[in-house]
Amino acid sequence: MRVLIVEDDKDTAQYVAKGLVQAGHTIDVVSDGKDGLALAIRENYDIVILDRMLPGLDGLSLARTLRSAGSRVSILFLTSLGGVNDRVQGLDVGGDDYLVKPFAFAELLARVNALGRRPPMRAEGDILRAGDLELDVARRAVRRGKDRIDLKPKELVLLEVLLRNKGRVVTRTMLLERVWGFHFDPRTSVVETHISRLRAKIDRPFAKPLIHTIRGSGYSINDNP
Amino acid sequence: MTIRNLFRRTEVRSAATFTLIITACVTALFVSLIMNLIDGLEDGVRARVLNARDALLAIDRRYGFKELVTVVHDEMDSVRDTDSIFSVLDAEGKVVAGNVRSQAHFEGWRDLERRNLPELASKGRSQGHFYAIWAPVSEGQLLVGMSNREVEHAWSILMRSLGWGLLATAVLGVGSGIYLARGTQRRIDDIANTLSAVSGGNLDRRVPVKNAHHDLDEIAQRINAMLTQLKRLVESANQSSTDIAHDLKRPMTRLRQQLEAASEAETANSETRDVLENAISEVDSIVATFEALLNIGQLEAGDRRTRFVDLDLKATLSDAAEAYAPVIEDSGYHLAWNVTGAPTATIRGDHELLLQLIANLIENTLQHTPIGTTITLGLSVTSRGAVVVVADDGPGIPAAEHDNVFRRFYRLERERSTPGHGLGLSLVRAIADLHGASVALGDNKPGLKVSVSFPVLA
């Protein structure tokens, strides 16, 4: 994927660029807001990773201008501003995701991957699959092979988020945001507990596990590990 | 608006008071005017009675008693004037002339009521008085009296004008009172509205100032100056948050990147890796602490209130319960529900923050009570408000510590060594304050009971 990094801290920009290149992405880096905007409009990027406090033009204004120019590029804010209002502001101006510094690179990578190949909104009645596991999104029904599996509402949402990102890592924080609407870090093992309950229903009774723990980063559902 | 409420409004109250005072003044003025006028008119009538008497006495003196009788008789015949009464008695006290025959002699002035004089009964009016006086004549007594008709007439005119005058005063008084007071009321409403807008998070609102010499404008100007000062303080607080974020997080970000890069380097052995990963979690916990502080600051500034929507508190509580039920059960605790009252609890608020409030309370309980404790999530909805309760049957907190636990970084003595930044309850209180809710700690007998009371929408 083509990724534009707009970041004025050279160390961070370099660190992110290096990591993303290793993960197979193509990277451009600029440190000035105005240059970033010009480049984002001119070039056809998949993702813009945007700092908020930038020389030239701040990140919020950049995103706003980009959106009003009709750009549909995915915008990921990567910023030190992590207050309750800051994230809301970022999403309000058209940001697709918001990650607060300091960050784990694995977290950034997972979010970049999730954003870049974000599946289009599927029609109702869609069926999500992984191996012999099926989730009928419209009817909220789950089967594995011939067996019907009863899931609680949140377990179903959890499975849906994992399936929609099949083959990609979904981090603990991404799950907290998308499944429970938690935009804070719980001190208890909310995600781990739910994952273990979900595994008990869809993996444990079967020969081949589908949900994999990716150490230091998150979870992934995958039929060919 | 009920009458009771109407009278609580300053404009109506001041208009009523104003009218009452003006009416009292006008009445006093009129009454003193009327008293003096009537006195003067009465004196005039009495003077005319004395003139008529003196004329008749002169006839008696000069031409004798007989002539007096004749004159009085002729007078009665010619005029039949019921505005005057006369009576002439001879030496034996017998009535010899006059239109009044029933009056005995009396000393000095007397008011005679017309209806007590049978001789006049057939002649028109029955109301009114005569001012009358007896005077001795050469061969008997003479009664002269005159009607107070003009006094009465004047009285009725004056009373009528007093009536109209009072009516006009009342109307003008109420009208101008309302007019003047409405201006004042509008100004007071302006001030009140501005202040509630500001406490609602809109720091740019100011009280409109019209005329610099009016005392309410002076108050308005001072309030505006205070609001400007407040805005500056909030902005500088926000600015320092931003500065902290920028200046402190930049090195933190680099530090974490370096640690991360080092721990993933191929040359690192597993021992080094463990040390580096510990260092990374230390960095994360430092960042979490000041992130929490910044959040409390942002919440206290109140900006977030502009994003409030109507939401069902019960749904928020169920969401939190759904997230935590497996955690509570799998870690050996018990979860109980205690929901009473109306089926929904609609409040104005922010779902995300309320979720965090409830989550913090649940996590606090998990952290500070032993395994096996029952955690009760409660919601009671009454017309007065909605109360979210998170209670446990654990060891509780001594009542003396109840206030302290809301202080930033405060830790109970027995828990100094456990992890956590001591900001959880400060954040709970900041979120509650933002929602106009109050947080109370109580004894659950045994255990701790935290109640958060929200005002519900009518």
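Author: Buried area is the accessible area, taken with a 1.4 Å probe, that two parts lose on being put together, summed over both. The structure is a predicted model, in which local features need pLDDT of at least 70, side-chain atom pairs count only at pLDDT 80 or more, and totals for chains, interfaces and linings use all residues. Residues are numbered from 1 along each chain as its sequence is written, and side-chain values use heavy atoms without hydrogens and water.

Reader: How much area do chain A and chain B bury between them?

Author: The two chains bury about 3,500 Å², with 51% of it on carbon and sulfur atoms. On the side of chain A, the residues that lose the most area to chain B are A:V84, A:P102 and A:R187, together 20% of what that side buries.

Reader: How many salt bridges does the rule find across the interface of chain A and chain B?

Author: A salt bridge is a side-chain nitrogen of Lys or Arg within 4 Å of a carboxyl oxygen of Asp or Glu. The rule finds ten across this interface. In the salt bridge between A:D11 and B:R254, the closest N and O atoms are 3.6 Å apart.

Reader: How are two packed helices described?

Author: One gives the angle between their axes and the distance between the axes. Axes are lines fitted to C-alpha atoms, for helices over the stretch in contact (heavy atoms within 4.5 Å), and angles run from 0 to 180 degrees between N-to-C directions. Helices are DSSP runs of H or I with at least four residues, numbered from the N terminus. In chain A, the axes of helix α1 (residues 10-22) and helix α5 (residues 105-116) come within 11 Å and cross at roughly 60°.

Conventions: Chains lettered and ligands numbered in written order. Helix = DSSP H or I, 4+ residues; strand = E, 2+ residues; numbered from the N terminus.
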